[in-house]
Each structure stands twice: as C-alpha cells, then as structure tokens.
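Student: I have a structure open before me and would like to learn how to read its features. Could we go through them one at a time?

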Amino acid sequence: MSVDHASHEMRSIALLGATGSIGKSTLDVLRRHPDRYRVHAVTANANDTALAAICKDVEPDVAVMVDTDAAERLHRSLASLGVSTRVEQGEVALEAVAREESVDTVVSAIVGAAALLPTLAAAESGKRILLANKEALVMSGDLLMRAARKSGALVMPVDSEHNAIFQSLPAVETGVSTEGVEKIILTASGGPFRETPLEALRVATVQQALAHPNWSMGPKISVDSATLMNKGLEVIEACRLFDLSADQIEVIVHPESIIHSMVRYVDGSVVAQLGRPDMRTPIAHALAWPERIDAGVAPLDFSEVSGLHFEKPDLQRFPGLRLAFEALVAGGTAPAVLNAANEVAVDAFLAGDVAFLQLAEIVERTLVHAKSATQPDLSTIIQADAEARAIAVEQLGQLASHGGATG
Ligand code: NAD
Ligand code: MG
C-alpha cells in the first residue's frame, strides 16, 4: 500500500443503535480500521445480550441502554465478563453521548422517531453525523439541517440512495453543491412485491414482506420497502438533505439495486454511483470522506451483471409513495404525521394486527384527521408526532373491527 495512514488523527465514535443492522455493518467497517477509529460509546434500546457482546468485543468507554431493566442486566453481565465499559440508561444518556465533547463522529442508526433528539443533539454540537436514520430528518422540517449549519456539523448521508447522490454532486468545503442540478433520480428496488398483483397484496404476510430481494435490513425498513413508504420517506429525506423541492425528485424502480441513485444536470449529463447492495460501502464513504477506506466489500464485477432495468413505480399498488409526496408538498407537520402514522401501522402489521394494504390506509386517514402546523418548532413537531400516533391507533382500531389482518 502506498498510502500512509499513520498520520491520521484518531476519530472517536458514538454508535447509536449499535445492535441493529446498520450498527453491525458499521462495527464491521470500524474493526477494519483500528488505526483510525475508536468506539467511545455504543447504544441500544433493550437487547442487553447483543450489547454485552459488542462491549466485550470493542470495549467502548460507555454503553447506553434505553430500557432500565435491560441496563441493569447489562451492568451485571459486563461485571461478570470483566469488561470495564460504564453502563448508563435512559434517553437523556443517549443525548449526552451524542453531545459528548470527546466524540467527533456520531452514527445515527436508531430506527424511527426515537432518533430525533439524539441526532439533533449531535447536530447542535457540531459533530460529523453519519445519518442512517431517516425518520428524524423527515419529521424535523428543516430543524435538523438548520442546527447542523449553525454549529458546523457535517451531515453525511448513509442511506444508500442519499450517499450515492452525495457522491454524484460536486464537493465544496461544507459538503456538496447542487448547482446545475436538474433532477435527483432516486432508485428503488421495488421491494419483494414489485410484481405482486393487487389481489395477492391483500393477503401478503409479514414473512413475505420481510423477504427483501437485495438488501438485508431491520424489520421496520424492510416493511417500508415492501410498501414503498421507504422510498417516500427517502424523497423527503433527499429534499431536506440537499435543500430541494418535491418537483426536483424523480423515483425510478431499478430491480438490480446496482445504481444507488443518480443526478441529472441541466446540460443533460447524468452522474450516478454504482456498487453492490452492501451498506458497508456508504458507511465507509461517510466515515472517511473526503478520503476512501476499505469497506470489506467485494468489487463489483460487471461481467456478472446480467442487465440494468428501469420501470415507473406503480402508485396504485403502492400508495405510500404518493402519500409521502403529498405530505412533502403540504409541508409543516405533515411529514411528521405521515412518519408517526406509518410507525404505528408498521408495528401493528408486524404484530399481525392489520393487513398489508391497510398500512397506507392508516397513514392516509391519519393525514386527513391530524391538525397541521406550518414552520413548526421542536415542541410542535413532538406534539404532532404524539397526536398522529393517537389518531393512527384509533384508525387501526376501526379497521381491525372491520376485518383485521385478513383484510
Ligand atoms: P434495526 O431494527 O436493525 O436496529 C435498530 C437499532 O435502534 C437497534 O440498535 C435498537 O436497539 C435501536 N432502537 C430501537 N428503538 C429504539 C429506541 N426507542 N430508543 C433507542 N434506540 C432504539 O434497524 P436498521 O435496519 O439498522 O435501521 C436503522 C435506521 O437506519 C432506520 O432509520 C433505517 O431506515 C435506516 N436505514 C437502514 C438501512 C439498512 O440497510 N438496514 C439502510 C438505509 C437506512
Ligand atoms: Mg435507502
């Protein structure tokens, strides 16, 4: 190797959501570069067994368990393993590690709205944020990006599409520029039900919804990928990250998941980022940018790629994508309402309480019934999130009494 890494400053990492799918991929990349990265803190919700194994492996200074009982158990098992990691508990501790002065990089890999406050804390404290979580950005309006701009925090997208867009835009000192961009083209795999007729979607099972053809991910985003709500959330995410409007985003289904997204410029040029569907690529990119580090991902061999295909998304079968565009255009608290209702609906679907096609129905009904506020501040957003959850639960009850999960 001709590159000398010895001169690199050691970076200190807080990994929020360490036990999840993104958490695991991040740890895999970090393990390959002990000369560059040190894990200061790891966090998880309630899985103390998984967090104990991570602590034994990487020996962070701090481990945060949100669940109190799980924190007790983690404390006991680390003591018996002889691991000196300090155990902290609760949401306040989560925010504290994101603000911690000795930390320069915060990986936001918690699923759902629970990531909002810790990610905002990281944005306010000028960190490099590896943003995998999309729900926080969707619900936050422009709060998160404004906080980042004010503190000088660098938001590095980890979501593969947004990381691809970042890589396809010209770099400037503070990140990337969108000058000359005509459209962002977000690619979507189409999920496990891309070719499933509407009739069959009525009886789609949890197991079928979780079986993504190209990516291995946590349960919530897997269900979102099956409804295309994930792509809807990503449209909003792209507008927030790159300061674009809804009409500057186009979604195209690309079943091979080789092109992770593209940027079309006013001169007709299209710039894309390609690679294997492996989250370690965007994670490594976001960690090292503007440098490049090994991610452990095998090279993409074009002689093995049988073809690249594209088709329009079907908004009849997948109304989640349409609803997200509508919430984006409505603005204010509408995206927060969309996200909260979707989280409630996905939980209910995973528990077997609603049918697949009712997911979008719950979201649509909640959007209709929720009050909306323009230019919301943080407390208005948190309130809108809570109200939307209550409405969604109510709608869920009504749908269940009319047939439940069998539709
Ligand atoms: P996951 O379910 O595998 O892991 C979620 C993590 O969040 C776990 O560590 C869990 O302990 C933690 N967590 C859950 N609820 C929490 C709470 N209330 N408070 C604190 N921590 C909590 O999820 P994932 O698939 O790794 O996805 C994480 C985020 O990254 C999501 O927002 C998802 O949309 C995004 N993302 C994931 C992928 C992927 O390939 N998995 C790709 C792009 C974006
Ligand atoms: Mg994505």
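This is a predicted model: local features need pLDDT of at least 70, side-chain atom pairs count only at pLDDT 80 or more; totals for chains, interfaces and linings use all residues.

Student: Is Ala295 buried or exposed?

Tutor: Buried means under 20% relative accessible area, exposed over 50%, and partly exposed in between (1.4 Å probe, protein chains only). Ala295 has 9% relative accessibility and therefore counts as buried. Counting a contact as heavy atoms within 4.5 Å, and leaving aside residues up to four places away in sequence, Ala295 touches Asp28, Val29, Arg32, Arg280, Thr281 and Ala284. The C-alpha atoms of Ala295 and Pro282, which are 13 residues apart along the chain, are separated by 8.8 Å.

Student: Which residues of helix 1 are buried?

Tutor: An α-helix has 3.6 residues a turn, so residues three or four places apart point the same way. In helix 1 (residues 21–31), the buried residues are Ile22, Gly23, Ser25, Thr26, Leu27, Val29 and Leu30. Their cover includes strand 1 (11–16), strand 2 (37–44), helix 2 (48–58), strand 5 (105–108) and helix 13 (280–288).

Student: In what order do the 7 strands of the open sheet run?

Tutor: Strands of a sheet pair through backbone hydrogen bonds, either parallel or antiparallel, and two strands are taken as paired if DSSP finds at least two bridges between them. Here the 7 strands follow the order 4-3-2-1-5-6-7, and the pairing is parallel. Strand 4 (86–89) and strand 7 (154–157) stand at the edges, each with a single partner strand, so one side of each is left without a neighbour in the sheet. Neighbouring strands of this sheet are turned by 20° against each other on average, direction ignored.

Strand 1 and strand 2 pair in the parallel sense over 6 bridges, with Ile13 opposite Val39 in strand 2, and 7 of the 8 residues of strand 2 are buried. Strand 6 and strand 7 are also a parallel pair, over 4 bridges, and Leu130 stands opposite Met156 in strand 7. Helix 5 packs on the sheet, touching strand 1, strand 5 and strand 6, and its direction makes about 150° with that of strand 6; axes are lines fitted to C-alpha atoms, for helices over the stretch in contact, and angles run from 0 to 180 degrees between N-to-C directions.

Student: How is the sheet of 4 strands put together?

Tutor: This open sheet has the order 11-10-12-13, and its pairing is mixed. Strand 11 (249–253) and strand 13 (270–274) stand at the edges with a single partner strand each, so one side of each is left without a neighbour in the sheet. Strand 10 and strand 11 pair in the parallel sense over 5 bridges, whereas strand 10 (residues 181–188) and strand 12 (residues 259–265) pair in the antiparallel sense over 4 bridges. Strand 12 and strand 13 form a hairpin with 4 residues between them, and Gly268 in the turn has a positive phi of about 95°.

Student: Which residues coordinate the magnesium ion (ligand 2)?

Tutor: Donors are N, O and S atoms within 2.8 Å of the metal (3.2 Å for Na, K and Ca), and because water is not among the atoms, sites may look incomplete. The magnesium ion (ligand 2) is coordinated by Asp159 (OD), Glu161 (OE) and Glu234 (OE), at 2.1 to 2.2 Å. Glu161 lies in helix 8 (residues 160–168) and Glu234 in helix 12 (residues 229–242), so the pair ties together parts that are 73 residues apart in sequence. Glu161 counts as buried at 8% relative accessibility, and Glu234 counts as buried at 1%.

Technical notes. Residues are numbered from 1 along each chain as its sequence is written. Chains are lettered from A and ligands numbered from 1 in the order in which they are written. Side-chain values use heavy atoms; hydrogens and water are left out. Helices (H or I, at least four residues) and strands (E, at least two) are DSSP runs, numbered from the N terminus.
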